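Please read it alongside the sequence and structure shown here.

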Amino acid sequence: MRLNSEDVSFDLNGKVPKLYIKGQEVGVVSMTNHYVTRHDWGEGTNVITFIYVTNDDPKQKVLSIDRITGEVMNQ
């Protein structure tokens with residue numbers, strides 16, 4: 001299943017980060033936020049990465065979101 005920015009939302013305001021895929025909350029195992037100011041292939045990136053599980057599949061999955069463009073990556 002390929003996800004786009006309309007399929008994914010998240011909330012970082014509480015003590016525990018929340019991730020929603022197609023309106024359904026999934027279990028966040030880990031969340032990291034990366035900011036790279038400059039690299040060989042261009043200017044800075046700001047990426048948030050979630051490792052998560054869903055109720056129907058306990059296998060961990062990875063989802064990264066470019067916080068500048070909203071692009072969903074690494075899925």
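Of the 75 residues in the chain, 24% are buried (under 20% relative accessible area with a 1.4 Å probe, protein chains only; over 50% is exposed, and in between is partly exposed). The model is predicted, so local features need pLDDT of at least 70 and side-chain atom pairs count only at pLDDT 80 or more, while totals for chains, interfaces and linings use all residues. Residues are numbered from 1 along each chain as its sequence is written, and side-chain values use heavy atoms, with hydrogens and water left out.

**Fold and surface**
- The chain has zero helices and six strands, where helices (H or I, at least four residues) and strands (E, at least two) are DSSP runs numbered from the N terminus.
- Along the sequence the pattern reads β-β-β-β-β-β.
- Among contacts (heavy atoms within 4.5 Å) with a separation of 6 or more, 27% join residues 24 or more positions apart.
- The accessible surface of the chain is about 5,400 Å², and carbon and sulfur atoms hold 49% of that area (Shrake-Rupley method, 1.4 Å probe).

**Nonpolar core**
- The largest nonpolar core consists of eleven residues: L3, V8, L19, I21, V26, I48, F50, Y52, L63, I65 and V72.
- Such a core is a set of buried Ala, Val, Leu, Ile, Met, Phe, Trp, Tyr and Cys residues joined through side-chain atoms within 4.5 Å.
- At least two residues of this core come from each of β2 (18–21), β4 (42–54) and β5 (57–66), and β4 gives the largest share, three residues.
- Not counting residues up to four places away in sequence, V26 touches L19, I21, Y52, V53 and T54.

**Aromatic pair**
- The structure contains one aromatic pair (ring centres of Phe, Tyr or Trp, the last by its six-membered ring, within 6.5 Å; planes under 30 degrees apart are stacked, over 60 edge-to-face and the rest tilted).
- The pair is tilted because the rings of F10 and F50 have their planes at 50 degrees, with centres 5.7 Å apart.
- F10 lies in strand β1 and F50 in strand β4, 40 residues apart.
- F10 is partly exposed at 28% relative accessibility, whereas F50 is buried at 0%.

**D7**
- D7 sits in the segment before β1 (8–11).
- D7 is buried and has no salt bridge; K22, the nearest side chain of opposite charge, is 4.5 Å away.
- A salt bridge needs a side-chain nitrogen of Lys or Arg within 4 Å of a carboxyl oxygen of Asp or Glu; Lys and Arg count as positive and Asp and Glu as negative, with His and the chain ends not counted.
- Beyond its neighbours within four places in sequence, D7 contacts R2, Y20, I21 and K22.
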